[in-house]
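Please look over the structure shown below before reading on. The briefing after it is meant for someone meeting this structure for the first time.

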Amino acid sequence: MSIFPFVVVAWVCAVGLYGIITSRHLVHQIVCLIVVQSSTYILLLGVGYKTGAVAPYFYDIPLNTPAVDPVVQALALTDVVVEAAVTALLLAFAVQAHKRFGTLDPEELRQFQG
Amino acid sequence: MTPRQRRWIFLVAGGGFLAFYLWGLIGLPGFGNYPGPYGDIINAIAVPQTHATGVVSAVNFEYRAFDTLGEEFILFIAATGVATVLRHLREERDTSAVDEAKNRDVPATSDAIAMVTLAFIGPTIVVGWYLASHAQTSPSGGFQGGIVLATAFVLVYLAGQFIVFKRLSPIALTDAIEAIGAGSFAAVGIAALALGAAYLTNILPLGSTPGAVNSAGTIALISFFVGVEVAAAFILIIGELLEQTLIVREGDR
Amino acid sequence: MMTALQVTLLVLVAAGATAVVLTRDPIRQVVSVSIYGLLLAVLFMAFQAPDVTLSELTVGAVALPLLLLLTLAKVRKQEE
């Protein structure tokens, strides 16, 4: 049972990838990529979690209180914001693709390759 | 490759991945048995060493500040990329912008929505500012504060004041502020070099009390610059998209 | 060891991710992805990560839906 969070990580990642390969709309595909990325946050925070520990803020608790790993939290925190920026860039490319080819269907866009 | 073939390849590869992943998981310490020691060491030394009670911020803006610098520049480059791609589109469209304004009905924002939205602008700015400037004490920091600050500008737009939104955030100014935010972070690091310390060493006085707002030296400063950069980047991205979507609305007024 | 809250939230997040992917209409998907973002934020709170919670709240509930809706509005306008 103690591996359940990591099974959820695998499920979220796999279901997102499934969405990406079966998608018929670029914006839908980008949202599926967001889902894949979100699995990494769950993985990072799951790895750093310690049973019974508190959040790593020592404002009003004694210094030797057991706390969860702050390093993975710092990684996840910046990732979330960077993810938003990367999504914005991808969306801009989708707008560009639609402007030039008049479609957002990856299958139809394929015929413009070359 | 047909979609059908692709689905089969995915199912086979996904099945294999899942099998090896589960196999690997069984040999690892389970959820809640964090083996350490990295996080435990940081938790023990961060507060005495940096006088920041928010250890996550201490990691972000002190121990791994160089990494955060890289992440901030990802954000910077992404915003620049959005602006470049969309501005290119805008130039293409300028010739044909006239006929699109025909028979388009832009609903006016109702007074009730405008009232509520305008009432929220002040508190949003205060919350954003608070978050960006309290990284060293409590769960907050430049990344979250920056987005909340950008939201305040979006509220101006939501209240139906697109013209005001554009006037408050002219693209040249937003560009410059974004660059200043990103550059100042790098400059804080270079200041440490000038004093003979390693890049991004905490060179400012740490303050006497851990948890005070004026404690933790460069952590607070860097968090603030990150907040400025993130806010400007998101205002820029949103502004570019709005410009694209709502040229018509501006023409109506 | 996991608390009942964590197990419940993990199940909800797994179901939420599935729902987001299976929502094929992008405009409806904007709603489901912002709800998914909220679920993630609550899960991170249960994982003792308030900082990541704030980050996910601002990004998942504000920035992403806004960007997606603006993109869809733009694409729809190009189609006219």
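Predicted model: local features only at pLDDT ≥ 70, side-chain atom pairs only at ≥ 80, totals over all residues.

Residues are numbered from 1 along each chain as its sequence is written, and chains are lettered from A and ligands numbered from 1 in the order in which they are written.

**Chain A with chain C**

- Chain A has 39 residues in contact with 34 residues of chain C, where two residues are in contact if their C-beta atoms, placed from the backbone, lie within 7 Å.
- On the side of chain A that touches chain C, two or more residues come from each of helix H1 (4-22), helix H2 (26-48) and helix H3 (70-101) of chain A; helices are DSSP runs of H or I with at least four residues, numbered from the N terminus.
- H3(A) supplies the largest share of that side, 13 residues.
- By class, the side of chain A that touches chain C has 29 nonpolar residues, nine polar and one charged, given that Ala, Val, Leu, Ile, Met, Phe, Trp, Tyr, Cys and Pro count as nonpolar, Asp, Glu, Lys and Arg as charged, and the others, Gly among them, as polar.

**H2(A) against H3(C)**

- The axes of H2(A) and helix H3 (residues 50-79) of chain C come within 12 Å and cross at roughly 175 degrees, the axes being lines fitted to C-alpha atoms over the stretch in contact, with angles from 0 to 180 degrees between N-to-C directions.
- H2(A) and H3(C) are therefore roughly antiparallel to each other, a term used for angles over 145 degrees.
- H2(A) brings A:Val27, A:Val31, A:Ile34, A:Tyr41 and A:Leu45 to this contact, and H3(C) brings C:Val52, C:Leu64, C:Leu68, C:Thr71 and C:Leu72.
- The residues of the contact of H2(A) with H3(C) are nine nonpolar, one polar and no charged.

**Helix H2 of chain C**

- Helix H2 (residues 26-46) of chain C has 21 residues and reaches 30 Å from its first C-alpha to its last, close to the 30 Å expected at 1.5 Å a residue, where the expected span is 1.5 Å times one less than the number of residues.
- The buried residues of H2(C), among them C:Val33, C:Tyr36 and C:Leu40, pack against H2 of chain A together with helix H1 (4-22) and H3 of chain C; a residue is buried if 20 or more other C-beta atoms lie within 10 Å of its own.
- H1(C) and H2(C) pack at an angle of about 160 degrees with their axes 9 Å apart, and they are therefore roughly antiparallel to each other.
- C:Gln48, which follows H2(C), has a positive phi, near 65 degrees.

**Residue A:Phe6**

- A:Phe6 lies in helix H1 of chain A and is buried, with 20 other C-beta atoms within 10 Å.
- Leaving aside its neighbours within four places in sequence, A:Phe6 is in contact with A:Leu43, A:Gly46, B:Leu25 and B:Phe31.

**Chain B with chain A**

- Chain B has 43 residues in contact with 41 residues of chain A.
- H4(B) gives the most to the side of chain B that touches chain A, with eleven residues.
- The residues on that side of chain B divide into 26 nonpolar, 13 polar and four charged.

Terms used:
Parallel < 35°, antiparallel > 145°, perpendicular 65-115°, else oblique. Buried ≥ 20, exposed ≤ 12 C-beta atoms within 10 Å, placed from the backbone.
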